[in-house]
Amino acid sequence: MSSPTGPANGLPVRMPRPRPSGRHRRPDPAAAPEGAPALVLAVPGTPSAAIRALAEELVSIARSELPGLEAAIGFVDGDGAEYPTLAGVLTAAAELREERYRIALAAGREVGAPEGPAAVVVPLLAGPDSAVMRQIRQAVMDGGNTAELADVLGPHPLLAEALHVRLSEAGLARADRARLFTVATAADGIVLATVGGEEAVQAAGITGMLLAARLAVPVMAAALDQEGSIASVAEQLREAGSVQLALAPYLIGPELAEGLLDEASKEAGCPAAEALGAYPALGKLVASQYAASLGLAQQGAAPAL
């Protein structure tokens, strides 16, 4: 026998904690609507086990932001076996939706025919890259043209936060401007390195302004894939008075060609931080771009620029 206060034998029992009320109550996370399109993360670059692990971690974070979300990973340059191609994943998403519709009809349920996109493709890119986006659009067409393409993740304040963290991890910036300590190797000028040409540089510059405000040092964007761009920007920063530079990759990682960052670091004559990688805020941005494409309200989503 037990009573409302616990078991009869007197053993303690864990009772559910009451949810706080009032304006400081933490909102319940938004959930993906039933029948919502799948989120498909489009991963650029040469696939590898490390890149797949990075993508899986970001997808896991996105699922936690939108409970009930169906998500998959498609590789822009996949091999169709170990690393599924983006087009193949999109085809499978459309086929799964049709199969569920047929099963529902066979079970006697009153359901309408599937409408709208079967998937929303979120490019795993911090900024615009026309060459990669062309590949993604082609994959959408090859996958049956049943998917909607979301925007890239930046520019966004959360990316400035991620850049700050990576610089501090490398000992190139203070972790917190408000704390009264110094870092001997902290940079007084940041070269924000991206790929994708002039459009990517301009977009990176917006996040760069946010990073400059966080660090209180000048930040200038440059293109890793444009000859002389890194060296030119590094020289401009030095002419403006910066003595100790640092290279901050405005890149998640898969889109970064092997050896390119090391070459850029030598070209600029300064140390480099790591790429953004699986920084948790990127998973939130993936969910946010998915939700924005469908017009879903997402609790606690950071404002876009």
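Of the 305 residues in this protein, 44% count as buried, where buried means under 20% relative accessible area, exposed over 50%, and partly exposed in between, using a 1.4 Å probe and protein chains only. The model is predicted, so local features need pLDDT of at least 70 and side-chain atom pairs count only at pLDDT 80 or more, while totals for chains, interfaces and linings use all residues. Residues are numbered from 1 along each chain as its sequence is written, and side-chain values use heavy atoms, with hydrogens and water left out.

**The whole chain**

Start with a cartoon view: the protein has 8 helices and 9 strands. These are DSSP runs numbered from the N terminus, with helices (H or I) of at least four residues and strands (E) of at least two. A contact means heavy atoms within 4.5 Å. Among contacts between residues at least 6 apart in sequence, 74% join residues at least 24 apart.

**Salt bridges**

Side chains of opposite charge can pair when their charged atoms come close. A salt bridge here is a side-chain nitrogen of Lys or Arg within 4 Å of a carboxyl oxygen of Asp or Glu, and the count comes to 3.

Select E82 and R52: their closest N and O atoms are 3.6 Å apart. This pair links distant parts of the chain, with E82 in the loop between β4 (71–75) and α2 (86–106) and R52 in helix α1 (residues 49–65), 30 residues apart. Both are partly exposed, E82 at 45% and R52 at 23%.

Now pick R100 and E70, whose side chains meet at 2.6 Å, N to O. R100 sits in helix α2 and E70 in the loop between α1 and β4, 30 residues apart. R100 is partly exposed at 44% relative accessibility, and E70 is partly exposed at 35%.

R166 is buried at 14%, whereas E169 is exposed at 54%.

**Elsewhere in α4**

Stay in this helix (residues 157–169) and select H164. H164 is buried, with a relative accessible area of 6%. Leaving aside neighbours within four places in sequence, H164 contacts A173, R174, A175, L211, R214 and L215.

**Backbone stops**

Step back to P155, in the loop between β6 (147–149) and α4. A cis peptide bond joins G154 and P155, with omega about 0°.

Two further stops have positive phi although they are not glycines: N145, at about 55°, and A216, at about 60°. Find N145 in the loop between α3 (130–142) and β6, exposed at 54% relative accessibility. A216 is in the loop between α5 (197–215) and β8 (219–223), and is exposed at 53%.

**Last stop: a charged patch**

Finish by selecting E227, D262, E263 and E267, which gather in a patch of negative charge on the surface. Patch residues have over 30% relative accessible area and no salt bridge; like charges are joined within 9 Å, and nonpolar side chains (Val, Leu, Ile, Met, Phe, Trp, Tyr) within 5 Å. Lys and Arg count as positive and Asp and Glu as negative, with His and the chain ends not counted; each charge is placed at NZ of Lys, CZ of Arg, CG of Asp or CD of Glu. E263 lies in helix α7 (residues 260–268) and is exposed, at 53% relative accessible area.

Key. Areas by Shrake-Rupley, 256 points an atom, 1.4 Å probe, with all protein chains shown as cover.
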